[in-house]
Amino acid sequence: MSVVAAAGLTKRFGEVTALDDVTFTLTGDKIYGLLGRNGAGKTTLMQLITGQNSGTSGDLMLFGERPYENERVLSRVVFIKESQTYPTAYQVRHVLSLAKRLFPNWDEDFAQSLVDDFDLPRKRKVRKLSRGMLSALGVTIGLAARAPLTFFDEPYLGLDAVARQLFYDRLLADYAENPRTVVLSTHLIDEVADLIEHVLLLDRGKLLLDAPSDELRGEVVEASGPAAAVDEFAAAHQALHREQLGGAVRASLRGSFDDAERTRAEKLGIDLAPVSLQQAVVRLTTERTNAR
Ligand SMILES: Nc1ncnc2c1ncn2[C@@H]1O[C@H](COP(=O)(O)OP(=O)(O)OP(=O)(O)O)[C@@H](O)[C@H]1O
């Protein structure tokens, strides 16, 4: 059984189509990157999956059941977002006790070790926490909950670079010991590139890409060399971007770059370089914007 299955999922807010006929499945035990530009529909999608809203049309199943107002399946999900609110009069330790009661798989030792790692003041009231501390509290709950389906919607924006790295390290180590389905929604793609196994890329409500990260990296390359040679080589591929400087061209291309294609590039005097996951995503989403 899939963890999440969406078929033709559409969500409209008045005139705005936040999700447009989106179809995909999340299978178990994988770290997904839910990527896309501002307003692409990422938060809307997570809200539908976590039962906070219902779709306008299409079908959505969570652990084989419809999620909206369905406590049975929702108890297997944790959703941590950047603007998470907690009862403000509570101290950090009270919020953690509440989470312990809420999440059936809660690991108290792990939670306490994360509190130490992030240097969270257990007796400080939530309303007196800094932005970074609030993010750290969210991350602590999201990890220690060990929910079978875990969503992080940019909850770590307030964390500094050192704390973010700590979060990535703890997530990866804990995931290795306790595999589950994790969805990270983030704009810091390069930072999480090594963590993400599969990419879902939304663009203006449409699912532009649903592919393993390695496959995506291999599909986009940067070709540079003499203009005529690059243009000849590019004709067999999808050109996402082209920059010319004098007689030289640098082009981002999408396609299949097998040994035969690599040999052809070499013969034409073209250098083929891999691109980072972030560059691939930027090129793919910019290409669609330009094509409009
Ligand atoms: N409650 C709402 N009422 C009206 N429009 C909404 C509502 N919620 C979202 N939208 C619109 O739906 C679209 C998708 O928004 P969403 O928050 O899902 O994007 P996102 O990918 O999470 O963006 P970001 O990366 O900026 O957080 C946007 O155009 C947004 O303005």
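In helix 1 (residues 42-49), the buried positions are Lys42, Thr44, Leu45, Met46, Leu48 and Ile49, where a residue is called buried if 20 or more other C-beta atoms, placed from the backbone, lie within 10 Å of its own, exposed if 12 or fewer do, and partly exposed in between. Because six of the eight residues of helix 1 are buried, this helix is largely enclosed by the rest of the structure. Gly51, which follows helix 1, has a positive phi near 70°. Helices (H or I, at least four residues) and strands (E, at least two residues) are DSSP runs numbered from the N terminus. The model is a predicted one, in which local features require pLDDT of at least 70 and side-chain atom pairs count only at pLDDT 80 or more, whereas totals for chains, interfaces and linings use all residues. Residues are numbered from 1 along each chain as its sequence is written.

The protein chain contains eleven helices and 13 strands, and its C-alpha atoms fill a box of roughly 65 × 40 × 35 Å along the principal axes. Of its 292 residues, 36% count as buried. Two residues are taken to be in contact if their C-beta atoms, placed from the backbone, lie within 7 Å, and of the contacts between residues at least 6 apart in sequence, 67% join residues at least 24 apart. An unreviewed UniProt entry lists residues 4-229 as "domain: ABC transporter"; the positions of that record are given in the numbering used here, its feature names are shortened, and its annotations may be inferred rather than shown by experiment. This span is 35% helix and 31% strand, and the C-alpha atoms at its ends lie 45 Å apart.

The largest nonpolar core comprises 77 residues, such a core being a set of buried Ala, Val, Leu, Ile, Met, Phe, Trp, Tyr and Cys residues joined through C-beta atoms within 7 Å. The residues with the most contacts inside this core are Tyr32, Val78, Leu137, Leu184 and Ala223, and helix 5 gives the most to it, with eight residues. When residues up to four places away in sequence are not counted, Ala223 touches Val230, Phe233, Ala234, Ala251, Leu253, Ala265, Ile270 and Leu272.

Two packed helices are described by the angle between their axes and the distance between the axes. The axes of helix 5 (residues 131-144) and helix 6 (residues 161-177) come within 11 Å and cross at roughly 0°, which means that helix 5 is roughly parallel to helix 6. Here the axes are lines fitted to C-alpha atoms, for helices over the stretch in contact, and angles run from 0 to 180 degrees between N-to-C directions; those under 35 degrees count as roughly parallel, those over 145 as roughly antiparallel, those from 65 to 115 as roughly perpendicular and the rest as oblique. Helix 5 contributes Gly132, Ala136, Val139 and Leu143 to the contact, and helix 6 contributes Ala163, Phe167, Arg170, Leu171 and Asp174. These residues divide into six nonpolar, one polar and two charged, with Ala, Val, Leu, Ile, Met, Phe, Trp, Tyr, Cys and Pro counted as nonpolar, Asp, Glu, Lys and Arg as charged, and the others, Gly among them, as polar.

Positive phi values also occur at loop residues other than glycine. Asp119, with a positive phi of about 60°, lies in the loop between helix 4 (108-117) and helix 5 and is exposed, with 10 other C-beta atoms within 10 Å. Its C-alpha atom is 45 Å from that of Ser57, although the two residues are 62 apart in sequence. Arg204, whose phi is near 45°, lies in the loop between strand 8 (198-203) and strand 9 (206-212); with 18 other C-beta atoms within 10 Å, Arg204 is partly exposed.

Pro87, in the loop between strand 5 (77-81) and helix 3 (92-102), is exposed, with 12 other C-beta atoms within 10 Å, and its C-alpha atom lies 8.4 Å from that of Arg127, 40 residues apart in sequence. Ala5, in strand 1 (residues 4-13), is partly exposed and, leaving aside neighbours within four places in sequence, is in contact with Thr25 and Met61.
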